[in-house]
Amino acid sequence: MTQQQAATTEPVNNYASNMSNEFLTFRLGKEEYGMDILKVQEIRGYDAITQIANAPEFIKGVVNLRGIIVPIIDMRIKFMLGNAEYDQFTVVIILNVSGRVMGIVVDGVSDVISLGMDQMRPTPEFGSVIDTEYIMGLGTVEDRMLILIDIEKLMSSTDMGLIDQVIN
Amino acid sequence: MTKTILAVDDSASMRQMVAFTLKGAGYEVIEAVDGQDALDKANHYKVNLVLTDINMPRMDGLKLLEMLRQLADYKSIPILMLTTESSNDIKAQGKAAGATGWLVKPFDPKRLLEVVHKVIG
Amino acid sequence: MSTDLEQFYEIFFEESSELLAEMEACLLGLDVSSPDLEDLNAIFRAAHSIKGGAGTFGFTDMTEMTHMLETLLDRLRKGELEVRSEMVDAFLRAGDVIKGQLAGHRGDGAADPVATAAVCEELRKFSEAIYASNETADITTVKITDSAEVKSITSEVNDATGAAALNVNPALTVFSIAFSNEGVSPRAMDNLLSNLGGMGSLEKLILSGDEQRSKLLLKTNSSEEDIWEALAFVVDPANLKIAAEILMSTDADTLTPDPTDEFEAVPSLSGPPYGFFPGAPAAPNDIENIENSAATTGSGRQVTSSHPVAQQKDDKAAATAAETSSIRVSIDKVDQMINLVGELVITQAMLAQTASQVDPVIYERLLSGMNQLERNTRDLQESVMSIRMMPISFVFSRYPRVVRDLAAKLNKQVELKTVGENTELDKGLIEKIADPLTHLVRNSLDHGIEIPEKRIVAGKSAKGTITLRAFHQGGSIVIEVCDDGAGLNREKILAKAKERGISLLDGMSDQEVWMLIFEAGFSTAEVITDVSGRGVGMDVVKRNIQSMGGRIEIDSAFGVGTRISIRLPLTLAILDGLSVAVGDQMFIVPLTYIIESLQPTASDIKTVSGHGCVVQVRGEYLPVIALHEIFNLRPHSTEIHNGILVILEAEGHKAAMFVDALIGQHQVVIKSLESNYRRVQGVSGATIMGDGKVALILDTAALVMASQKESVK
């Protein structure tokens, strides 16, 4: 945990665009992903969760994050990757997207990396477990390949069912 | 030494404008919302000048003037009436009650400072 | 010194809105036959305060309107004219115009120019009537009040410091000048007259029987201060009066004041912008000396009246309505504080839980400190919550106007009574309750109260009564709208519901029938009169109330009247709840819905046709809500007699909720699930318990209603 917390406190470069070129990398199954560090609020462990009745299986419930109620989504269940086990090593990334706070459970958080434009490539046609609609591109760092996901778009999608849709 | 002004007005916007202007010019300002409040505060602070509205609930400015002039500390300090009433009746009543002078509303901050400077420098 | 006056606009807007509301309330409460002087003073003071602020901040349209109001009101409170109900109407409309002007300055609307002109004209007529009835005054004096205003603007422009740079050209003004001749030599007098003559056209008025006083009329475009300068060195300023009378550019020729006019009768004329009284305490003495003044002197601007008029009693009487000192704080700050206190309560509860495990003998002092902390935390929470509480009079105060206007439109006679205006509820609820309540009041007036002829035929008084009542009951506030009108007609409602295609059940109770009027599609067709408002049906009222966590009930007797009760939680932020356990989950049940809890015996429980259970409680069969089924949980036991039944009542229906165990009673801080997640069926919100875990708050009413449908099937 300490290493991961240190990772999030690294300074973020000031980029004029609404996206930094710094990415928090995390693992889901065998694939390595990256998401805009600016969308990440903090990283914490998995505990004291309150189930929500009749919610989809991947919505584990809600937790108290310093007085606000935050839903927790297990991405491993959502994308059917790996074993959804919960222990002291289970990691929750707390996101702040579109003014909403939510936590996602992933297989592990690796580090924060900077990517230059030359290290990014457009979204390929190959299949990832995450729909290409939510993938911004690919990043390469040495021999690693990162799938850069548009976490905001993904979390706001009807697919996730996190937000009441306007239409009744 | 910083001079202290007691500003009395039931209108919060007027009171704030007055206080802001005077504070900006380096005066200490004590605000009161009506005559009764002003009288209570007058007993607790050393004041160099009183600016008071006339028409106020609970205790109006004229009554306040009378009451203040009965206090030893307020016998000879300047007290100005701030009032939309520019009629001479009001002025006469103000004078009878012990006012030093008057300032007609509406006034702008500059005018206010001009008068205050004249009275207490 | 540059002070940006704009920073005070917002507070002025708020203040003016409050003053207007106050003024309206006073006007509506005014007994025209014997007006209370205190009320008149309060109304006057409101107009006066708005005028003062409007003048300072440069909102001249508002200054003009409030000035007209003020002038007329001043006359009324001095008893110079009798209050008439048409005047009250005009004042109310003037208030509306000022509201419009205020909205215009705020940038969301504008005053209707037609209405403005009409109101001006009306006020003008009343003022004229005053003077027509007053033999000593001239009919044209009414114009003076206007010109006084224009005059003050003019002098602002003349003044280099005049911030309110208005496009008013220096205009010809008639000043009336009066002073005592005493001690003025004939030569000095001639000199003076020729000086004044040089400023414009001078007319000398002869005052009968008073050789000692001179009265002049000077038509000039010089400023009043110039005239002061010319006179002050010759005449004793203590006996000098200068008053701007008429703006020449308007009606100059028609405006020759009656020479017999007593000088003091000229109302509120503007003088110099400021001045000091000679001989007054602490008047500045660096200004030129004036002969007769002994110790202190004034500038050439001082004015005192030679004939002080005793009106002090009126001004003294003006000191009435107690205003407590207060500060304005943004609601965000208050809410932040409420949140923080909520956190503190949780932390305190966590500490208490931990402390409860220590040896009380060894840690005696720690434990007594914990007790103290608990008390202090509770007190703090209560007082912080009370900041958000406001009396319902904030809402009730708007209805006298609504009723008055609507009754007039419908040719009905209605008296509005309000009871319990000081009942407090959360500010958030205050804001939300206003619209639904307006709708209910309008509905009562439109559909409830009959026209006078019908009422008389029915043996009632011609005047109907609508009563608004607010009171606390348990953890709720109840707001009732009662009328002594025609009452609801069961057959008519059933027929109409059928016509509208609303599904009906056999043997519906009256309560159920009445509730049909809140069904979507029931009321719209008839309610789109211009009276009951904007095509919004009663179903919207019900939905709004429910979204506040409230409920609506109707009682009605045909021919006698109708009572609609709204029951709301006291606050949106805190709830008294019972925590119950099902499996390893904990839920909060709002106490307001709980009748009792009991441990049933196996024989009390009956299974109905293999699906669903009922339990017999005190002779009644109640449907059982099995929480573990609804929320898909694994309970400790599925046998009802091994658990606890919590008997609930909502919207007139009862049900028994089956849980594993009762844990305790708490006051919980309500947190929204929806701010970061979505609505969850059967859950109205969440809270954080002493151990830091989240507990869901049950939407009890929905659960009870669902159990009813289940059992009906």
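This is a short tour of a predicted model, stop by stop, with what to select and what you will find there.

**Stop 1: the interface of chains A and C**

Begin by showing chains A and C together. Here 24 residues of chain C are in contact with 20 residues of chain A. To see the chain C side, select helix H11 (331-355), strand E22 (683-688) and strand E23 (694-698) of chain C, each of which supplies at least two residues to the side touching chain A. Colour that side of chain C by residue class and you will find ten nonpolar, eight polar and six charged residues.

**Stop 2: a strand in chain A**

Stay with chain A and select strand E7, residues 100-106. Is this strand enclosed or in the open? Five of its seven residues are buried, so E7(A) is largely enclosed by the rest of the structure.

Strand E5 (residues 68-74) of chain A pairs with E7(A) in the parallel sense, over three bridges. Pick A:Ile72 and look across to its bridge partner in E7(A), A:Gly103. Strand E6 (residues 91-97) of chain A runs antiparallel to E7(A), and seven bridges join the two. At A:Val97, the residue standing opposite in E7(A) is A:Arg100. The hairpin of E6(A) and E7(A) has two residues between the strands, and A:Ser98 takes a positive phi near 50 degrees there.

**Stop 3: two helices in chain C**

Move to chain C and select helix H3 (residues 60-77) together with helix H4 (residues 85-106). Their axes come within 10 Å and cross at roughly 165 degrees. An angle over 145 degrees counts as roughly antiparallel, and H3(C) and H4(C) are therefore roughly antiparallel to each other. The crossing of H3(C) past H4(C) is left-handed.

Show side chains for the contact: H3(C) brings C:Asp61, C:Met62, C:Met65, C:Thr66 and C:Leu69, while H4(C) brings C:Phe91, C:Ala94, C:Val97, C:Ile98, C:Gln101 and C:Leu102. By class, this contact has eight nonpolar residues, two polar and one charged.

**Stop 4: an open sheet in chain C**

Next, select the five strands that form an open sheet in chain C, in the order E7-E9-E10-E12-E11, with mixed pairing. The edges are strand E7 (414-419) and strand E11 (551-557), each pairing on one side only. From one strand to the next, the twist averages 15 degrees.

Zoom in on E11(C) and strand E12 (residues 561-569) of chain C, which run antiparallel and are joined by seven bridges. C:Ala557 has C:Gly561 as its bridge partner in E12(C).

Then bring in the helices. Helix H14 (residues 399-410) of chain C packs on the sheet and touches E7 and strand E9 (464-473), its direction making about 165 degrees with that of E7(C). Helix H15 (residues 427-448) of chain C lies across E7, E9, strand E10 (476-483) and E12, running at about 20 degrees to E10(C).

**Stop 5: one residue in an open helix**

Finish with helix H17 (residues 490-499) of chain C, where you will find C:Ile493. How many of the ten residues of H17(C) are buried? The number is one, so H17(C) lies largely in the open. C:Ile493 itself is buried, with 20 other C-beta atoms within 10 Å.

What surrounds C:Ile493, leaving aside neighbours within four places in sequence? Its contacts are C:Leu488, C:Val513, C:Leu516 and C:Ile517. Draw a distance to C:Trp514 too: C:Ile493 and C:Trp514 are 21 residues apart in sequence and 7.7 Å apart, C-alpha to C-alpha. Just after H17(C), C:Gly501 takes a positive phi of about 80 degrees.

How values were computed: Residues are numbered from 1 along each chain as its sequence is written. Chains are lettered from A and ligands numbered from 1 in the order in which they are written. This is a predicted model: local features need pLDDT of at least 70, side-chain atom pairs count only at pLDDT 80 or more; totals for chains, interfaces and linings use all residues. Axes are lines fitted to C-alpha atoms, for helices over the stretch in contact, and angles run from 0 to 180 degrees between N-to-C directions. Helices (H or I, at least four residues) and strands (E, at least two) are DSSP runs, numbered from the N terminus. Angles under 35 degrees count as roughly parallel, over 145 as roughly antiparallel, 65 to 115 as roughly perpendicular and the rest as oblique. A crossing is left-handed if the near helix is turned anticlockwise from the far one by less than a right angle, and right-handed if clockwise. Two residues are in contact if their C-beta atoms, placed from the backbone, lie within 7 Å. Ala, Val, Leu, Ile, Met, Phe, Trp, Tyr, Cys and Pro count as nonpolar, Asp, Glu, Lys and Arg as charged, and the others, Gly among them, as polar. A residue is buried if 20 or more other C-beta atoms lie within 10 Å of its own, exposed if 12 or fewer, and partly exposed in between; C-beta atoms are placed from the backbone. Two strands pair if DSSP finds at least two bridges between them.
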